[in-house]
Amino acid sequence: MDGNGRWAKARHLPRTAGHKKGVDATRKAVEYCSNAGVEVLTVFAFSSENWRRPEGEVSTLMELFFSSLRREAKRMKEKDIRMRIIGDRSRFPEKLQQEMAATEAVTEHCGGMLFQIAANYGGRADLVFAMRQLGQELLEGKLTLDDIDDEAIAAHTFTAGIPDPDLFIRTGGEQRISNFLLWQIAYTELYFTDVLWPDFGARCLDEAFADFAARERRFGKISEQVRHA
Ligand code: IPE
Ligand code: MG
């Protein structure tokens, strides 16, 4: 979700106004995806590198995170959307960590779309955590080297048990991954748009879905094999 700051700057507003507008865009995108039949939606809300931003912006983002979790959890529950926060939460203020746990608990039994918020998440850190756990199990003799394969690694990431994403969307004109779900996007279709996140609405999502639908996913095979299947 990129472009909040630029959206605000273009309107001579403080960056925080862009982040507030970004929350509205997120709520709309979540509901739109849920209605469209998306099974899992993961948004990159705060990367492990975002702590490097000015202190004031970081604390505003924390407050916004806190107030939106509190406000949206009920709404998500009504829409049968299950919420999960992925990433290393230990660095967040205690109050926010409690709110994260509460949000997950409130929507725990929802059977509709799974909405994941990546917060203090980094794709490399995700893999480092996984490797450490595997290493620990290896040292304890619970695993042998042969047990370490794709499946075992995936099972130790934050997204264990959740299918890899089909589509990756980055708004705001940048054409890079910026340490999002690195392991998980090996075969994901990438979609980049110049639209700034606060302006990214239903029509933009439809365009992204249509673009995705027109692609041929071969997973290493040749076109004829995929078409026959
Ligand atoms: C939202 O957009 C990203 C976060 C909430 C961390 P940015 O804040 O990166 O907006 P730009 O890139 O400055 O426009
Ligand atoms: Mg940015």
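Trainee: How many disulfides does a search of the whole structure find?
Mentor: A disulfide is a pair of cysteine sulfur atoms within 2.5 Å, and the search finds 0 of them. Before we go on, some ground rules: this is a predicted model, where local features need pLDDT of at least 70, side-chain atom pairs count only at pLDDT 80 or more, and totals for chains, interfaces and linings use all residues. Residues are numbered from 1 along each chain as its sequence is written, chains are lettered from A and ligands numbered from 1 in the order in which they are written, and side-chain values use heavy atoms, with hydrogens and water left out.

Trainee: Is C204 buried or exposed?
Mentor: Buried means under 20% relative accessible area, exposed means over 50%, and partly exposed is in between, using a 1.4 Å probe and protein chains only. C204 has 12% relative accessibility, so it counts as buried. C110 is buried as well, with a relative accessible area of 9%.

Trainee: Now the helices. How do I describe two that pack together?
Mentor: You give the angle between their axes and the distance between the axes. Helices here are DSSP runs of H or I with at least four residues, strands are runs of E with at least two, and both are numbered from the N terminus. Axes are lines fitted to C-alpha atoms, for helices over the stretch in contact, and angles run from 0 to 180 degrees between N-to-C directions. Take helix α3 (residues 55-78) and helix α4 (residues 94-107): their axes come within 9 Å and cross at roughly 15 degrees. That makes α3 roughly parallel to α4; the label covers angles under 35 degrees, while over 145 is roughly antiparallel, 65 to 115 roughly perpendicular and the rest oblique.

Trainee: Which residues of α3 and α4 make the contact?
Mentor: Contact means heavy atoms within 4.5 Å. Among them are M62, F65, F66 and L69 of α3, and L96, M100 and V106 of α4. The residues of this contact divide into 9 nonpolar, 2 polar and 4 charged. For that count, Ala, Val, Leu, Ile, Met, Phe, Trp, Tyr, Cys and Pro are nonpolar, Asp, Glu, Lys and Arg are charged, and the others, Gly among them, are polar.

Trainee: At what angle do α2 and α3 cross?
Mentor: The axes of helix α2 (residues 15-36) and α3 cross at roughly 25 degrees and come within 11 Å. That makes α2 roughly parallel to α3. The α2 side of the contact includes H19, V23 and R27, and the α3 side includes L61, L64 and R71. This contact has 5 nonpolar, 4 polar and 8 charged residues.

Trainee: Where is W7?
Mentor: W7 lies in helix α1 (residues 4-9) and is buried, with a relative accessible area of 8%. Leaving aside neighbours within four places in sequence, W7 is in contact with L13, A17, G18, K21, L196, P198 and D199. N4 is also found in helix α1, and counted in the same way N4 touches G18, H19, G22, W197 and P198.

Trainee: What is phi for S178?
Mentor: Phi of S178 is positive, about 50 degrees, although S178 is not a glycine. S178 sits in the loop between β4 (167-170) and β5 (189-192) and is partly exposed at 33%. N179, found in that loop too, has a positive phi near 65 degrees.
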